[in-house]
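Open the model in your viewer and switch to a cartoon view. We will go stop by stop.

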Amino acid sequence: TLGALTDPASRVDAIPEITESDRPAFGLRVTGTITPAMDLYFDKSDSRLVRIDWRSDILRFSDWKEHDGAKYPAKCVGYKKSTGKPWYFSEILELERLKELPAGLKRR
């Protein structure tokens with residue numbers, strides 16, 4: 001998902017700040033390579049991704065951890081915009097860095 005931010009065909013525009021989990025977050029809207037537009041929000045203090053609004057969903061990221069030099073949100077909860085109710089929960093319990101790409105995959 002975040003690859004769209006660096007895609008030359010994407011247009012990235014600033015959008016109004018929001019408060020997410022009682023913390024200010026700045027927003028970016030990505031268009032051109034994503035339809036409909038995707039809104040991404042990042043914590044103002046550490047620039048970590050805290051939320052994505054896309055299609056009919058709001059995805060909230062939390063419990064940031066670090067493994068082998070990479071930082072990642074270990075938890076994500078998906079909410080339906082229409083109801084505000086959660087519809088899925090995910091949690092990364094274990095993470096392993098691959099030493100090489102699986103056969104048939106190429107690095108971009």
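Two strands count as paired if DSSP finds at least two bridges between them. Keep that cut-off in mind for the first stop. The model you are looking at is predicted.

Stop 1: Select residues 23–31, strand β2, and residues 38–43, strand β3. These two strands run antiparallel, and six bridges join them. Now pick Gly-27 and look across to β3. Which residue stands opposite Gly-27? Tyr-41 does.

Stop 2: Colour by secondary structure. The protein chain has seven strands and zero helices. From the N terminus on, the elements read β-β-β-β-β-β-β. The seven strands form an open sheet with antiparallel pairing, in the order β1-β2-β3-β4-β5-β6-β7.

**Stop 3: the edges.** Select 11–20 for β1 and 86–91 for β7. Each of these edge strands has a single partner, so one side of each is left without a neighbour in the sheet. Neighbouring strands are turned by 25° against each other on average, direction ignored.

Stop 4: Zoom out to the C-alpha trace. Along its principal axes the trace spans about 40 × 35 × 30 Å. Show the surface next. The accessible surface comes to about 7900 Å², and 51% of that belongs to carbon and sulfur atoms. How much of the chain is buried? Of its 108 residues, 27% count as buried.

**Stop 5: the charges.** Colour the charged side chains. There are 19 positive and 17 negative ones. The centres of the two sets lie 4 Å apart.

Methods:
Residues numbered from 1 in each chain as written. Predicted model: local features only at pLDDT ≥ 70, side-chain atom pairs only at ≥ 80, totals over all residues. Heavy atoms only, no water. Helix = DSSP H or I, 4+ residues; strand = E, 2+ residues; numbered from the N terminus. Axes fitted to C-alpha atoms, helices over the stretch in contact; angles between N-to-C directions. Buried < 20%, exposed > 50% of the residue type's maximum accessible area, 1.4 Å probe, protein only. Areas by Shrake-Rupley, 256 points an atom, 1.4 Å probe, with all protein chains shown as cover. Lys, Arg positive; Asp, Glu negative; His and termini not counted. Charge placed at Lys NZ, Arg CZ, Asp CG, Glu CD.
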